[in-house]
Amino acid sequence: MAIFKRKNFSRDIIAALGWPIDPKPGDVFEDCNFSQLTPGFKIPDTFTGLTFRRCNLVNVLPPGDAIIQESLVVQISRCTNLRPDLIDKGLTPCEENCEHVVDVDEIQVDDGDPIFIYQYEDKRV
Amino acid sequence: MATYYVDPAATGTGSGADWTNAFTTLAAAIAKPVAAGDTVYARGTETLSSGIIINVGGDTTSGFIKFIGCNASGNVDGTTYKIDGNSAVTDGLILQTNAKYTWWENIEVYNCNAHGVNPGTLASWNVWYNFISRNNGNSGWNTGGTYNFWFYCRGTNNAGGYGWNNPPANNFWIGCVAANNADTGYLVVGAGGVFIESIAADNGATSLDQGFRADARGLIFGCVADNEYTGVTVNDLLYFVMRTRMTNCTEGLTFNSSGDVGVYGFNLFHNNTSDVVDNGAGTQIMRNYATADSNKYDPDSDDGYNNASNEDFNLKRNRTYNGDGSDTIGLGIGT
């Protein structure tokens, strides 16, 4: 059994470049970051018997038999209106009136078209 | 100048007057309300159902409002008070406009869906000491005001993903670690950021990611940037990078705009693809440029942040934590 501590496996590190390690049943990841930009990144079910302890699993789907301890497990749809820098990292640009809008202020200036000011939040999915 | 106690496992009256009758949440202590000069001791683990809002502060007459984590016996020994976002709350700590002169010592916040700590842009003159913000969905710390001080803090494993995201001008980091975040370790856009003996390691791997992003008129002294795409990026006028180790990076030190006047010297560059990259033809004043591995105290000779307890980075401190202001610190700096 191996214990992998304080490793960064986020984003391209495993999503594009592939796994730098070959985890075996019984292996433990401690304080590792597996987080991804978009929801639904699946860690292969062929990686069986793994334990994730104090790991960041944002937008990650761990194998079904994994043991998850004290980890952040959530799927988040990110809004590029809040984080335009993430477009360069591969996130699809959001429309101005996108699914992440939580509030809209409409401002009417004289006889012109109304101006809409949108408030956004990343969305838990 | 009152003293209050927080223990989520307490079953007493909840008056906050002692450990037996402690408040069971930090929010309850804050709502007392605490005032300038007060101290709140906290022990155990608090699982949040909503973020903790702080809109109170100390002042220059009566001093800080202090929140200090304790061990199970109620003693201050560096044991953290744990704030668990439980994959449920957005931000763990939310500092609003009046949150000035607050002091956060021996506290850990994690598993929040957005930021571990989200200080408003007017939250200034706050001190963070041995504070850990890790495993959050966005950043460890997000923005904040000016003149905040981080001592021996850690922003690690954040997904959004900065250790520190965009605090404005004139903030200070001493002995901190930003590691394993999905993007940049320290993203500092404001002028006057000062880093002393702090570490950035193993953060995001793309060309947009950096260990330290430093803007105008600041200082990086005695720090380490290891295994980053860019170890240190200088983006604006007159930044000093001195006695810093940039190792195992694609680019060790990068100047990004034509207005840069970078002063760097007495640094070590080792095993980078490119040691110094000048993208803007700025003026650079360089002295004592070294590339030999001189980390003589690192027993595993890998220049990597692999074992925080050994001498990696020459930054191990012989620190005696007393928690009463009488800490002794041996800096343990190597060559």
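Author: Domain bounds come from an automatic or database domain assignment, and by that assignment chain B is divided into domain 1 (1-149) and domain 2 (169-315). This is a predicted model, in which local features need pLDDT of at least 70 and side-chain atom pairs count only at pLDDT 80 or more, while totals for chains, interfaces and linings use all residues. Residues are numbered from 1 along each chain as its sequence is written, and chains are lettered from A and ligands numbered from 1 in the order in which they are written.

Reader: Why is B:Ala10 called partly exposed?
Author: A residue is buried if 20 or more other C-beta atoms, placed from the backbone, lie within 10 Å of its own, exposed if 12 or fewer, and partly exposed in between; B:Ala10 has 19 within 10 Å, so B:Ala10 is partly exposed.

Reader: What makes strand β26 of chain B largely enclosed by the rest of the structure?
Author: Strands are DSSP runs (E, at least two residues), numbered from the N terminus. In β26 (residues 251-255) of chain B, 5 of the 5 residues are buried, so this strand is largely enclosed.

Reader: How do you know that β23 and β26 of chain B pair?
Author: Two strands pair if DSSP finds at least two bridges between them, and strand β23 (residues 230-234) of chain B has 4 bridges with β26(B), in the parallel sense; the pairing label therefore follows from the definition. Here B:Val232 stands opposite B:Leu253.
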